[in-house]
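Thanks for making time, everyone. I'll take it piece by piece.

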Amino acid sequence: MPRLLTATVALALVITGCSITTNPSSSPAGTPQAHEQTSTGTPEESTPAPADTPRSQQPAATTPFEIVAGGGTDATADKALDAKILGAAWDIEIAPDGTANLLINNDRGQLRLERIRPDGTRAKVDLDYNRNLGRRIAVGPDGSAYVNLHVGEKNDAIYRIKPDGSQSGQPVIDYTTATTGIDAQPGKAIGKFGTFTVDAKGRLVFAVEVSKGGHSGVVIRRLETDGTVRTIAGKRAKFTTYDAAVAASAAALHPPSSGAALDWETTAAVRIDELVTQSDGTILLAAVGDDNGGTARTILAITSTGKLTEVATSQLGGTGGAPVAPAPFTQEGTVNDIGVLRDGLAAAGGLIAVSTTKHAPDDTTAYYNGKYTPGQRAVLDQAHGKAIRLIRPDGSISTGALGAEFALGGGYLYVVERDFLANELVLGRVKIPA
């Protein structure tokens, strides 16, 4: 059984103050146009609950799953719904103006950025730095996209693609960047992990491995506006025996008793898979490592005041958790019932989205309720994804969709659905009930 260690009250305190940089007044990506292939759907009406019924106990309406890109026949189409989008989406982020940014790798190992604009048009940017591929993107407050690319071990670099698609051959930061700051040595600014995010002030926040005196660990650093690099969380744990090393790795998946992010001791057995930064300065991170003899995944929150708090954790080899409800956004329990956490992390508007091992109902049609073209339907019929669960400020959880990569923005949950055999994908979204 998964072991969730965060109390609901503590979770509510963490999440309530968190909000990602969004622009609710802007039209979200893929706003339907006057176009024959636009995916639409009519929500089914549900019986109204009594006025005094708590929101978390109210029945969920069957919300339409709207396709905003893909399922067309032309790989070069400018209109997102005319496009046949080939490749695997490794990451997705929503810009403040509602533009969806997808990092896509095709079957020849070529990397590109796909931008699906709010007006339903599509732009492609080929990323050609003669480098091997990175797996993460982040979007800054000005709409710029950042991608990590690398050549060989310890040669990661983060590049910026401006909103107009222009690129620079010079990275924003790389392994050779000379830096100063807390525990940041010249040439050691960024390491092999390469996971990163961009905060509301446009500063890069990234994970890096550090090693000194025979002890290695992972820390979270931030590239300041003056070019210096500052460690904001983590330090190397020191130990003298194997048992102490195992204990230190397990302890690293849980907050320090002091609550201070800079007191968080880590080891080389811990890695940071994902980072998400929010408009109030809170940073969410997904840490993976050994915990009591098994591999565990933990979601942690670093506040702007430097405190570290645990949100949720589970053994990756575990089972259980609340089953997926027959319809989306139906309360499935509390965060303690979330199940086995998998890859994926997003946050916006007081919500946290994670993915879990899927225990889907036999009939999942409610999750794909909408009107689709034959091309869109073909991808959806072959899509096999994880359960994407939302954690609300009150600690309740619900499944919003079944899919692969996902993001939050403008009150929507965006999800990539993929037909692995055809190497084709569609981008859909579902409106999150208030």
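Look at what helix H3 packs against. Its buried residues sit against S1, strand S27 (412–419) and strand S28 (424–431). This is a predicted model, so keep that in mind throughout.

Which residues of H3 are buried? In this helix, residues 374–382, they are Gln 376, Val 379 and Leu 380. Viewed down the axis of H3, the buried residues fall within an arc of 100°, so they line one face of the helix. An α-helix has 3.6 residues a turn, so residues three or four places apart point the same way.

Take Leu 413 as an example. Beyond its neighbours within four places in sequence, Leu 413 contacts Ile 388, Gly 400, Ala 401, Phe 406, Ala 407, Leu 408, Gly 428, Arg 429, Val 430 and Ile 432.

Five strands form an open sheet in the order S21-S25-S24-S23-S22, and the pairing is antiparallel. Which strands stand at the edges? They are S21 (333–334) and S22 (341–348). Each has a single partner strand, so one side of each is left without a neighbour in the sheet. Further in, S23 (residues 351–356) pairs with S24 (residues 386–391) over five bridges, in the antiparallel sense. Within that pair, Val 354 stands opposite Arg 389 in S24. As a reminder, strands of a sheet pair through backbone hydrogen bonds, either parallel or antiparallel.

A few single residues next. Start with Pro 64. Pro 64 lies in the loop between helix H1 (8–16) and strand S1 (66–69). Is Pro 64 buried or exposed? Its relative accessibility is 17%, so Pro 64 counts as buried, because the cut-off for buried is under 20%.

Next, Arg 122. Arg 122 is in strand S6 (residues 122–126). It is an arginine, yet Arg 122 counts as buried, at 7% relative accessibility. Where does its side chain go? The side chain of Arg 122 reaches the backbone oxygen of Ala 75, at 2.8 Å.

Then Ser 144. This residue is in the loop between strand S7 (137–139) and strand S8 (145–150). Ser 144 has a relative accessible area of 0%, so it is buried. Setting aside neighbours within four places in sequence, Ser 144 contacts Arg 115, Ala 138, Val 139, Arg 160, Ile 161, Lys 162 and Pro 163.

Now the whole chain. It has three helices and 28 strands. Of its 434 residues, 56% count as buried. Among contacts with a separation of 6 or more, 56% are between residues 24 or more positions apart.

Last, confidence. The mean pLDDT of the chain is 79, and 77% of residues reach 70 or more. Over residues 1–60, the pLDDT is below 50. Beyond near neighbours in sequence, that stretch still has 152 contacts in the model.

How values were computed:
Residues numbered from 1 in each chain as written. Predicted model: local features only at pLDDT ≥ 70, side-chain atom pairs only at ≥ 80, totals over all residues. Heavy atoms only, no water. Helix = DSSP H or I, 4+ residues; strand = E, 2+ residues; numbered from the N terminus. Buried < 20%, exposed > 50% of the residue type's maximum accessible area, 1.4 Å probe, protein only. Polar contact = N/O pair within 3.5 Å; in protein donor to acceptor, adjacent residues only side chain to side chain. Pairing = 2+ DSSP bridges. Arc of directions from axis to C-beta. Contact = heavy atoms within 4.5 Å. pLDDT = per-residue confidence, 0-100.
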